[in-house]
Amino acid sequence: MHKKMAFSFPDEVLEHVFSFIQSDKDRNAVSMVCKSWYEIERWCRRKVFVGNCYAVSPRMVIRRFPEFRSIELKGKPHFADFNLVPDGWGGYVFPWIAEMAGAYPWLEEIRLKRMVVTDESLELIAKSFKNFKVLVLSSCEGFSTDGLAAIAASCKNLKELDLRDCEVDDLSAHWLSHFPETYTSLVSLNISCLGSDEASFSALERLVRRCTNLKTLRLNRAVPLDKIANILRHAPQLVEFGTGTYTADVRPDVYSDLAGVLSSCKELKSLSGFWDVIPDYLPAIYPVCSKLTSLNLSYATIQSPDLIKLVSHCPNLQRLLVLDYIEDSGLEVLASSCKDLQELRVFPSDPFGAEPNVSLTEQGLVAVSLGCPKLQSVLYFCRRMSNEALVTIARSRPNFTRFRLCIIEPKTADYLTLEPLDVGFGAIVQYCKDLRRLSLSGLLTDRVFEYIGTYAKKLEMLSVAFAGDSDLGLHHVLSGCESLRKLEIRDCPFGDKALLANAAKLETMRSLWMSSCAVSFAACKLLGQKMPRLNVEVIDERGPPDSRPENCPVDKLYIYRSIAGPRFDMPPFVWTMDEDSGLRLS
Amino acid sequence: MCMELQLGLALPGSDTWSRPLLKLGLYEDINVNRKKRGFDHGYLEDEFSAASFKNYEKGLVGWPPVETWRRKKLRCQVHNHMTAAENGYCGGRASNSSYVKVKMEGVVIARKIDISIHQSFETLTTTIMTMFDIFDENRRSFKLTYQDKEGDWLIAEDVPWRTFVRSLKCLKLIRSRG
């Protein structure tokens with residue numbers, strides 16, 4: 001009787017309490033307290049996040065969470081962004097849509113990243129979910145504007161359609177006309193990835209005019225500068241705007257139209273787009289700059305002086321994406337003007353040139369680290385670095401949570417001392433105690449991994465390329481980084497020893513990617529046999545791995561934990577190592 | 001520095017570093033300039049020169065790590081300040097896709113290749129050869145040809161890269177005669 005009293009909190013009360021718990025981590029923790037909490041939690045979870053679509057099957061998710069409204073799925077490994085994952089690898093969303101279509105007519109939100117989405121999938125979404133509201137496709141591919149037309153035509157309650165960085169077969173711009181004239185619920189539209197050809201401006205204009213709740217609009221390159229004024233005139237309430245092509249013959253009326261309409265957008269906080277920029281039209285955005293918190297100039301090929309002028313008009317900037325045309329001088333201005341800066345990404349304008357084409361060095365990053373007290377996330381491409389700079393950066397900015405440095409030439413040493421950059425990166429992990437994501441580059445020995453294993457206790461994602469001397473390096477990371485979830489490695493001399501010695505660690509991580517390393521086929525087989533809860537997949541376009549000696553290194557290896565078992569949709573160049581692989585492939 | 005690794009699982013009688021990595025064709029697709037052996041030498045001999053990597057990037061897939069869509073969008077710009085070598089392919093296709101069909105003489109199944117990630121015939125040819133499993137000495141007996149927009153078949157390297165990319169419709173690897 002006493003026991004019963006202790007647990008007699010009514011379910012509805014618990015459910016109400018749980019409704020305030022939104023994050024997946026917390027929800028997962030709640031579900032592990034006891035069986036009854038697990039049961040209550042699973043019935044009231046409304047948002048499901050699946051970090052690896054192959055870690056679990058759609059049926060398993062549906063069985064456990066009978067009433068979710070929103071799902072987020074991720075497919076291909078991150079290195080797919082850089083062409084390291086061959087075409088046809090997998091990540092198909094259709095099986096998920098098919099299962100959910102039957103089970104969840106009330107599904108409202110689908111968010112996908114790096115997945116293959118077909119027109120068939122989009123048509124099924126349009127047909128099956130009557131209250132569908134949000135579709136976010138991030139770095140997805142496999143569909144065309146026909147699929148988008150189906151969504152536009154059927155989803156009467158659609159609020160968000162975001163196609164960031166997708167690869168879309170642009171058959172016709174007229175898909176936009178498929179939004180019925182009665183449709184007015186659009187809040188966010190991102191079509192910046194669509195093709196550069198003919199666009200249906202009138203349909204776009206009409207859509208913008210009637211969707212008075214539109215807050216985010218990111219146009220594609222096909223929309224010319226002189227059309228932007230017409231579109232923006234009907235949407236002064238916009239908070240986030242992405243221009244199309246930012247070029248036109250320099251005409252005073254186009255300029256004044258643009259400047260006028262932009263200054264009437266009093267809520268504008270974020271700007272992006274800026275393809276084909278000609279500097280003459282940039283001042284048109286100065287009136288809105290003081291309110292801007294986010295600015296994406298990563299496609300704007302304008303030089304440092306124009307960038308400096310622009311940036312100095314934006315004192316409230318929190319997020320800046322820019323090309324290295326900004327140079328060290330521009331970053332120094334940024335450091336003194338934008339004290340609220342939290343995130344900076346500097347991309348290379350000439351990634352394949354052997355010689356630097358701009359004056360951007362480690363000094364720019366040092367300036368921003370010293371000058372911007374709130375800076376916590378950085379992605380920086382440059383051509384030289386020193387331990388001294390890295391130590392300065394680490395000491396002045398211990399609040400970094402994401403630090404991604406790409407020194408363009410592999411194995412570049414400290415340019416001052418010609419030593420490896422171990423000490424510099426070591427300082428980063430030592431001082432930045434909350435570091436969650438780190439990307440390494442430059443000349444690095446096993447020592448840097450020793451530092452990482454010792455200090456980077458909160459590190460969740462690590463990207464490594466052309467680094468290390470031996471298995472010791474990998475061993476330091478796998479045995480030391482307690483919070484590690486994702487590890488991706490390319491072109492490093494890491495082999496079987498560290499991997500096999502830390503096999504159990506792999507079950508605590510989402511995934512491990514290793515390409516052009518030294519892991520043998522034999523080790524892969526062994527791992528697959530001994531670890532049934534890991535999917536060990538060998539990707540090799542040279543042909544079956546058993547057509548070569550067992551001690552031959554595999555080309556690419558992708559290991560991930562899964563409760564769904566090996567997948568069945570693998571292309572001919574992917575082999576799974578499971579319990580039977582030893583028998584099957586010999 | 002020696003360290004005791006606690007091996008929960010171990011390969012029977014393995015001595016990892018006695019394997020001759022060089023012979024395994026592991027770095028086939030990235031060792032474009034055969035004269036520059038500095039890279040794979042480094043792993044075996046603990047010495048390497050940074051200079052040997054200078055032209056390396058031209059042959060490396062996915063390096064530097066700039067996303068494919070970003071590369072494409074940046075490439076196709078009107079008033080850009082990049083070098084002529086970078087002003088490669090753009091436009092000419094309705095879709096955003098820069099994938100081109102590649103066939104090989106005698107092979108039934110065609111493959112597809114993303115032309116936008118290449119900036120030279122060297123990397124393109126190397127990638128295609130690897131795709132069809134042609135290694136080392138055998139490469140000399142193949143030629144890369146392409147069909148242009150007018151339907152004519154031409155030898156790839158006979159024209160400048162930019163011309164090639166603009167008029168390219170599909171590729172075919174054929175055995176060189178003589």
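In this predicted model, a cluster held together by ring pairs comprises A:Tyr54, A:Phe79, A:Phe82, A:Trp89, A:Trp513, A:Tyr558 and A:Tyr560. The face of one of these rings, that of A:Tyr54, also carries a charged group, for A:Arg567 lies over it at 4.5 Å from the ring centre. Over all chains, the count of aromatic pairs comes to 22. In one of them, the ring centres of A:Trp89 and A:Tyr558 are 5.7 Å apart and the ring planes stand at 70°, so the arrangement is edge-to-face, a term that applies to planes over 60 degrees apart. A:Trp89 belongs to the loop between β2 (70-74) and α6 (94-103) of chain A, whereas A:Tyr558 belongs to strand β22 (residues 556-561) of chain A, and the pair therefore ties together parts that lie 469 residues apart in sequence. Both A:Trp89 and A:Tyr558 are buried.

A further pair is formed by A:Tyr104 and A:Trp106, whose ring centres are 6.0 Å apart and whose planes meet at 75°, so that this pair, too, is edge-to-face. As regards accessibility, A:Tyr104 is buried, with a relative accessible area of 1%, while A:Trp106, at 35% relative accessibility, counts as partly exposed. A charge over a ring is also found between the chains, where B:Arg70 lies over the face of A:Phe347 at 3.6 Å from the ring centre.

Strand β22(A), which holds A:Tyr558, is paired with strand β21(A) in the antiparallel sense over 6 bridges. Within this pairing, A:Val536 has A:Ile559 of β22(A) as its bridge partner. Strand β21(A) is also joined by 4 bridges to strand β23 (residues 574-577) of chain A, again in antiparallel fashion, and here A:Glu537 has A:Thr576 as its bridge partner. Because 6 of the 6 residues of β21 (residues 534-539) of chain A are buried, this strand is largely enclosed by the rest of the structure.

Helix packing may be considered next. Two packed helices are described by the angle between their axes and by the distance between those axes. For helix α3 (residues 24-31) and helix α4 (residues 35-44) of chain A, the axes come within 8 Å and cross at roughly 145°. On the side of α3(A), the contact is made by A:Arg27, A:Val30 and A:Ser31, and on the side of α4(A) by A:Trp37, A:Tyr38, A:Glu41 and A:Cys44. These contact residues divide into 4 nonpolar, 1 polar and 2 charged.

In chain B, 5 strands form an open sheet with mixed pairing, in the order β2-β1-β5-β3-β4. The edges are taken by β2 (111-114) and β4 (153-155) of chain B, each of which has a single partner strand, so one side of each is left without a neighbour in the sheet. On average, and with direction ignored, neighbouring strands of this sheet are turned by 35° against each other. Strand β3 (residues 142-148) of chain B runs antiparallel to strand β5 (residues 168-175) of chain B, and 7 bridges join them; in this pairing, B:Lys143 has B:Ile174 of β5(B) as its bridge partner. Helix α3 (residues 121-131) of chain B packs on the sheet, where it touches β1 (99-104), β2, β3 and β5 of chain B, and its direction makes about 155° with that of β2(B).

Notes:
Residues numbered from 1 in each chain as written. Chains lettered and ligands numbered in written order. Predicted model: local features only at pLDDT ≥ 70, side-chain atom pairs only at ≥ 80, totals over all residues. Heavy atoms only, no water. Phe/Tyr/Trp six-rings, centres within 6.5 Å; stacked < 30°, edge-to-face > 60°. Helix = DSSP H or I, 4+ residues; strand = E, 2+ residues; numbered from the N terminus. Buried < 20%, exposed > 50% of the residue type's maximum accessible area, 1.4 Å probe, protein only. Lys NZ or Arg CZ within 6 Å of the ring centre and 35° of its normal. Axes fitted to C-alpha atoms, helices over the stretch in contact; angles between N-to-C directions. Contact = heavy atoms within 4.5 Å. Nonpolar A, V, L, I, M, F, W, Y, C, P; charged D, E, K, R; others polar. Pairing = 2+ DSSP bridges.
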